[in-house]
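Try each task before you read its solution.

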Amino acid sequence: MKTVHGACPHDCPDTCAWQVTVDDTGRAVGLAGTPDHPYTRGALCSKLKRYPERVYSAERLLYPMRRSGPKGSGRFERVSWDEALAEVVARLQDGIARHGPLTAMPANFAGTIGILQRWAGDAFFARLGATGVDRQICGNVAYTAVANTVGPGASILPEDLAHSRLIIVWGTNTAATNVHLWGGAIREARRQGAQVVVVDPVRTPTAAHADWHVQLQPGTDAALALGMMHVIVRDELHDADYIARHTQGFDALAARLAEYPPARVAEITGLEVEAIERLARLYATTRPAAIRLMVGMERYSNGSLGFRAVACLPALTGAWRERGGGLCHFTGHLVVEALDFSAVFGPGDDPAPARTVHLAQLGRVLTDPRMDPPITWLMVYNLNPVVTMPNQNLVRRGLEREDLFTVVHEHFMTDTARYADILLPATMQFEHWELMGAWGQDYVAINPPAIAPRGEAIANTELFRRLSRALGFDEPWLTSDDETRVRQLLATGHPWLGGVDFDELSRRGWMRLALPEDYRPRADGGFTTPSGKCEFHSPTLAAAGLDPLPGYVPIAESDDARRAWPLRLVSAKVAHFLNSEYVNPRQASTRGQQPEIQLHPQDAAARAIASGDAVRMWNGLGEVRAVARVSGDTPAGVVSLPFSWWPADSLDGAASANALTPDGLSDRRFGSNAFDARVEVAKLA
Ligand code: SF4
């Protein structure tokens, strides 16, 4: 028996460290959270409980396969790796000969995260000169809007929420999607008397356990933040000293805030005037006060505005001054600064792609006859776009194209894998090297292979090494082995690594970045904006022709659309799985469960729908059939259907939530506007 250190590969802010127990035959027989890791505290969440079963599942893809039936049928025949690679390379070279390298395109995201496997193909596709892909579905909208206000890397550390006396969890379901923060620092803060307020259109488990749930209408977060700022400035609760020393544009902001009195904000958000006044005063008068932002509320066409407005609040009240005060957001910048990413990306001197498309518009990219050159060679890895990209039916139509050659590198037969021409088996986290830097905390974990790969599965990194060799690419960052890459990533001598190198991290398994114990990144200004201040007025946005001040713009939609599809659809994450490749319905953690359409009692009564009824939900893009649940968890006029379930889980096995989501872009073109979706619901006869 031996124990091997590692870390969870899910796209989750917690990045738990784990220990795999391997018996003398080389089989993984146990998995547990690392007990002495201060953030993981020995506990993996329910999403990971059955991970070893998935690794050894009879449904794992173990061998390369070639399609033997129509696209989408899921019929394949086994071939050798040599045959598979020869066909993949021949089709790539043929496509390039006819159309040039822009005819090739990757489709990848965060199915398995970790520095090596997540980014494995980027340097390869840059070297190839392929069509570039903007993969910012959600996080970049949030990141950029916050960065325009307070600069990159302004987040306080999640552990420091233990010092907060007020925590506003804004538009994120922390109890389900960030469980170690909820059960760690936030629980500790509450034990010491902190209040937790949740701002969310949906009564999530987090909202249900909060001291106060502020249930606003979807897409109106910016208006609420502006209303709060209006009250704070009107009542002179702002921190004039902090504003004078560390912000720019206060007078312009104050003029803008005059447009957002509580009465107007109440009309926009659906909240009572009293609630807006109370929340503003609570925030301005409780110290330390933190706002927890994550991902979710940016998936509207006005998505960046909410983040921009909320990001202004801590500077207005000087909340950054205290430990446990400020914004708690992404922490990924810490590892980006501490590690040498050229081990993965190379020196970064490849020219920018001659063409870039947006992943959220994959269906359009694959079906638009104006694409010149057309995409004829697509490689999908770390992604199940049929389920996770908006406008599911258009994505399917694209993948059905007979002149498109699709390669899928996967663990399981996902809905996307069914469309592959060549389907390749991918390793799981027990089977490959990885270095895990977190985007929601401040630890690094190393993940050497604990067991041999099952069947003929290979890591993403190995796939791109083989493709590089086949094409004669010999740059070291394309051909180096994984251990070499991990060693290079860690060989920076950066002070935050505290002298820990590859050998020391291999011995320990994980480390906390050596940040100051009292880490208050903006207590005394030091904003990383161009001005060095919190930019209430942003010259960067002005130069880009955008509103330089925080503001609210309603989601643009016609009266006809509102009449035809009277309900707003929110499709959020759930507690028991993450990343659609792990939703396999025959796997344990989802067995016996099914996605539900939640309706407000008022909307249900108007349609004679009761809990448990089979219903159809549709709009101009598609239709989903599921069981209804009637509750006050959503406001009237809003329905919810969880994201990421496979179509097979719906009542007719045909479609999932993204069959109903639009494939437009959010306001700054950084992400998707999937939450703009409007729908109608009716009981099935
Ligand atoms: S999904 Fe998140 S909380 Fe669950 S084990 Fe993985 S990192 Fe930890």
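A residue counts as near a molecule if its C-beta atom, placed from the backbone, lies within 6 Å of that molecule. This is a predicted model, in which local features need pLDDT of at least 70 and side-chain atom pairs count only at pLDDT 80 or more, while totals for chains, interfaces and linings use all residues. Residues are numbered from 1 along each chain as its sequence is written.

**Exercise 1.** Find which residues come nearest to the ligand, and sort the shell around the ligand by class.

*Solution.* Start with the 13 residues around the ligand: Cys 8, His 10, Cys 12, Cys 16 and Cys 45 come nearest. Next, sort by class, with Ala, Val, Leu, Ile, Met, Phe, Trp, Tyr, Cys and Pro as nonpolar, Asp, Glu, Lys and Arg as charged, and the others, Gly among them, as polar. The shell then splits into 8 nonpolar, 3 polar and 2 charged residues.

**Exercise 2.** Work out the strand order of the open sheet with 3 strands, and find its edges.

*Solution.* Take strands as DSSP runs of E, at least two residues long, numbered from the N terminus; two of them pair if DSSP finds at least two bridges between them. The order is β18-β19-β20, with antiparallel pairing. β18 (434-437) and β20 (510-512) each have a single partner strand, so one side of each lacks a neighbour in the sheet.

**Exercise 3.** Look at how β19 joins β20.

*Solution.* Count the bridges first: 3 link β19 (residues 443-447) to β20, and the two run antiparallel. Then locate Val 444, which stands opposite Met 511 in β20.

Definitions and conventions:
Helix = DSSP H or I, 4+ residues; strand = E, 2+ residues; numbered from the N terminus.
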